[in-house]
Amino acid sequence: MNIRSLTRGDGVVIGAAVVLFIASFLSLTSAPSCVGQFCPRADEPNAWDSLSLLMSMFLAGIIGAVLVVVGRSLPQPKKVAGLDLTQFGVAFTIFAAWTAFWTIIDAHGSGAGMILGLIATLVLAAAAVASPLIGALKAPLMGTPSPAAPQPYGYPGVAQPAGGYGYPAAQQPYGAHPGDPSLGGQPAAQAQPFGAQAPAADPNKDSQAQPAAAPAGDFAPFWFAVPVARPLYAEDGSPTPIAELAPGTWYLAVDQRGPALVAQTQDGRRGVLQDTTGIQRG
């Protein structure tokens, strides 16, 4: 279960379920208006005093909210009798709202628990149904953190060599003269007498002295994050995933194989990420 995959709609579902649970402890009916010492004692039962209403309205709504949140947080949907957990949860929330609506209509004087329970079940059912349909509710509940300063290679926080990774040479001290070896410079060429001609350069010698530059690779490692949980398969092509990449975590892409990426996890495992759509580069 990945908490970072929860949406704003799931947050509304969780909040409505909490309000519904609180409403189950409040009175279902309002006390009769009576003034004087001979008034009968007013009994104000709550949902826990009525097993049928507790199961069909309050617990049904809470169970539905749990099924909706858990079903949408799993990497792969779990199906029971051809339906996944989210569909069962939506059905439970609608049933709870339907029960609360007709119960409050038939009641003679509804208390705070009944009124608050009706509002909570209506919001719960609406959020469970509309979360996959409305863009504002589909937004992630917790944003994906971005790295402070992603390094070209290696894990964040690992110290890089002076001058940065891949820096060709150390910098010269400030104010150093290129001809002063004591200050880190290279020895200067000997001065020629005035009027003397410099020796002609040998093209063959220069060509041998200059080594051929190595061709640079086309792929450069980079950090990336996935928008949703995605499996990481073995490099040998095995269909069984070796790990799962979770949103909110930065992984290192060390190679590319067509549209797929060879990724490395924090524990050093390497595998192939076949679905690279929507990834965020660091």
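**First stop: a hairpin**

Select β6 and β7, which form a hairpin with two residues between them; in the turn, Gly258 has a positive phi of about 65°. Helices (H or I, at least four residues) and strands (E, at least two) are DSSP runs, numbered from the N terminus. The model is a predicted one, in which local features need pLDDT of at least 70 and side-chain atom pairs count only at pLDDT 80 or more, while totals for chains, interfaces and linings use all residues. Residues are numbered from 1 along each chain as its sequence is written, and side-chain values use heavy atoms, with hydrogens and water left out.

Strands β6 and β7 (residues 260-264) run antiparallel and are joined by five bridges; two strands pair if DSSP finds at least two bridges between them. Select Asp255 next: the bridge partner of Asp255 in β7 is Val262. Then move to Gln264, which is also placed in strand β7. Is Gln264 buried or exposed? Gln264 counts as buried, at 16% relative accessibility. Buried means under 20% relative accessible area, exposed means over 50%, and partly exposed lies in between (1.4 Å probe, protein chains only). From C-alpha to C-alpha, Gln264 is 6.2 Å from Tyr251, although the two are 13 residues apart in sequence.

**Second stop: strand β3 and its partners**

Phe222 has Ala253 as its bridge partner in β6, and Phe224 stands opposite Tyr251 in β6. Strand β9 (residues 280-281) also runs antiparallel to β3, and two bridges join them. There, Phe224 stands opposite Arg281.

Show the side chains of β3. Which residues point one way from β3, and which the other? Phe222 and Phe224 point one way and Trp223 and Ala225 the other, and all are buried. In a regular strand the side chains alternate between the two faces of the sheet.

A search of the whole structure finds seven aromatic pairs. Rings of Phe, Tyr and Trp (its six-membered ring) pair if their centres lie within 6.5 Å; planes under 30 degrees apart count as stacked, over 60 as edge-to-face and the rest as tilted. Select Phe224 and Tyr251: their ring centres are 6.3 Å apart and their planes are at 40°, so the pair is tilted. Because Phe224 lies in strand β3 (residues 222-225) and Tyr251 in strand β6 (residues 251-257), the pair ties together parts that are 27 residues apart in sequence. Phe224 is buried, with a relative accessible area of 0%, and Tyr251 is buried as well, at 5%.

Arg281 lies over the face of Phe222, at 3.6 Å from the ring centre. A charge sits over a ring if NZ of Lys or CZ of Arg is within 6 Å of the ring centre and within 35 degrees of the ring normal.

Turn to the largest nonpolar core, which has 13 residues. Such a core is a set of buried Ala, Val, Leu, Ile, Met, Phe, Trp, Tyr and Cys residues joined through side-chain atoms within 4.5 Å. Leu28, Ala47, Leu53, Met57, Phe58 and Met114 touch the most other members. At least two residues of this core come from each of α1 (8-23), α2 (51-73), α3 (85-106) and α4 (112-130). The largest share, four residues, is supplied by α2.

Next, select α3, whose buried residues include Leu85, Val90, Ala97 and Ile104. Among the elements covering the buried residues of α3 are α2 and α4.

Finish at Ala120, in helix α4. Ala120 counts as buried at 4% relative accessibility. Leaving aside neighbours within four places in sequence, Ala120 is in contact (heavy atoms within 4.5 Å) with Ala16, Val19 and Leu20. Its C-alpha is separated by 8.6 Å from that of Ala23, 97 residues away along the chain.

**Last view: the whole chain**

Zoom out to the protein chain, which has six helices and nine strands. Of its 282 residues, 29% count as buried.
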